[in-house]
Amino acid sequence: MKVLIIGGGGREHAIAVSMKKSSRVEQLYCVPGNAGIAQIAECDPSIGVMEFDKIVAYGKEKKVDLVFVAPDDPLAAGLVDVLEAEGFRVFGPRKNAAILEGSKAFSKDLMKKYGIPTAAYETFDDPGKALNYLESAKMPVVLKADGLALGKGVLICNTLEEARAGVREIMEDKHFGSAGDVLVVEEFLTGREVSVLAFVDGRTVRTMTSAQDHKRALDGDQGPNTGGMGCFSPSPFYTEQVDAFCQEHIYQPTVDAMAAEGREFKGVIFFGLMLTPEGPKVLEYNARFGDPEAQVVLCRMKNDLCDVVDACIDGTLEGIELEFEDNAAVCVVLASEGYPVSYQKGYEITGLERFEGQQDYDCFHAGSKFDETGRIVTGGGRVLGVTARGKTLKEARARAYEAAEWVSFENKYMRHDIGKAIDEA
């Protein structure tokens, strides 16, 4: 098979590495890709993920057998529909199903309608009405831009003053663009946060091993929200009892609800959960692999990714049992200092060769590129996802931080407490 992956981050590198292991994959392509993906796939950095016509033309030119659409923006904008209309076999939800992530108001209304546990909420398209509501709301409160905002459109406001400023930031100053045209105001939930990814074929759900992400930029969960500064898998807080509850009350009901709404979901659903004192509740849905969750989950999966993808597309997922290694993985993101606000790019990355031939270590490229002389340089806020496996979470964590020192670039920054919750488990 010839497989084309859409995207150019750490998630896509992890997907490419898994696809490369498949005995059925003969050739890998990726657009735009990055310097790491280019080691194992043919990339075209001139094509953006939202340039649908160019993607179609590239897929036809390369005669690809499967297109794997990985990022949120092209899914929400309907790339799967466009590719299917052109005769391609595609993995990922169609536009009418990707709304599960594309609109937080839609997903909250869906959960309310079908009795799926989530935080209480109100939706507003008028900043004045939102401000009025907040005057009597219990603090802290969570403000969410309705649309896609690169995983950053969520503000936790501890005081009324912060909440008022948040409404201005999202709805009036348009800090997240048109994603903030509609605002969701949610009750603040407390507990452990856990991520569970699931393959879905429209009817059947097959959940992957659990993971836990670190969104804040600075140690101690301080600083602004990012796309993710690190991750570990499995989560020691995701017990068999929690899993049983979620299978019955969250995972299957979500897939059934989408089918009942005429929005059959095929692809990957990311369930962002809060394990509250009253039980697990849904914080958010994503309509694709999380980043950096993919980096710690896929490297532990025993199944051939190609087989699972085929089963999702063909509606035969019922016949697949997912298997994961009895180990643990930790990913530490090496970022450009100043991310996610402002940072410099173009610095040479050295030490990458240390990962070659290493059994339990991966270095997934997120924001890397080649400069005009062919050197690999930094090309984004999140640059690399250094991932290590071990028998236990503590061993994996120690290895990940050891390996994080193998590579260097100017303005390299990382959190030093990824997986710290492991110590409290």
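Which residue in β14 is the bridge partner of D213? I looked it up in the model, which is a predicted one. The partner is C231.

**Entry: strands around β11**

I went on to the pairing behind that bridge. Strand β14 spans residues 230-233 and pairs with β11 over 2 bridges. The sense is antiparallel.

Then I checked β10, residues 192-201. I found 5 bridges joining β10 to β11, and these two strands also run antiparallel.

I looked at the connection next. β10 and β11 make a hairpin, with 3 residues between them. G202 sits in the turn and has a positive phi of about 105°.

**Entry: helix α2**

I moved to α2, residues 52-61. Here I noted F52, I55, V56, Y58 and G59 as buried. They lie on the same side of α2 because they cover an arc of only 165° around the axis.

What covers these buried residues? I listed the elements: β1 (2-7), β2 (27-32), β3 (42-43), α3 (72-76) and α4 (79-85) are among them.

I then turned to the face of α2 that points away from the buried side. It carries D53 and E61, which are exposed.

K63 comes after α2, and its phi is positive, near 50°.

How values were computed. Residues numbered from 1 in each chain as written. Predicted model: local features only at pLDDT ≥ 70, side-chain atom pairs only at ≥ 80, totals over all residues. Heavy atoms only, no water. Buried < 20%, exposed > 50% of the residue type's maximum accessible area, 1.4 Å probe, protein only. Helix = DSSP H or I, 4+ residues; strand = E, 2+ residues; numbered from the N terminus. Arc of directions from axis to C-beta. Contact = heavy atoms within 4.5 Å. Pairing = 2+ DSSP bridges.
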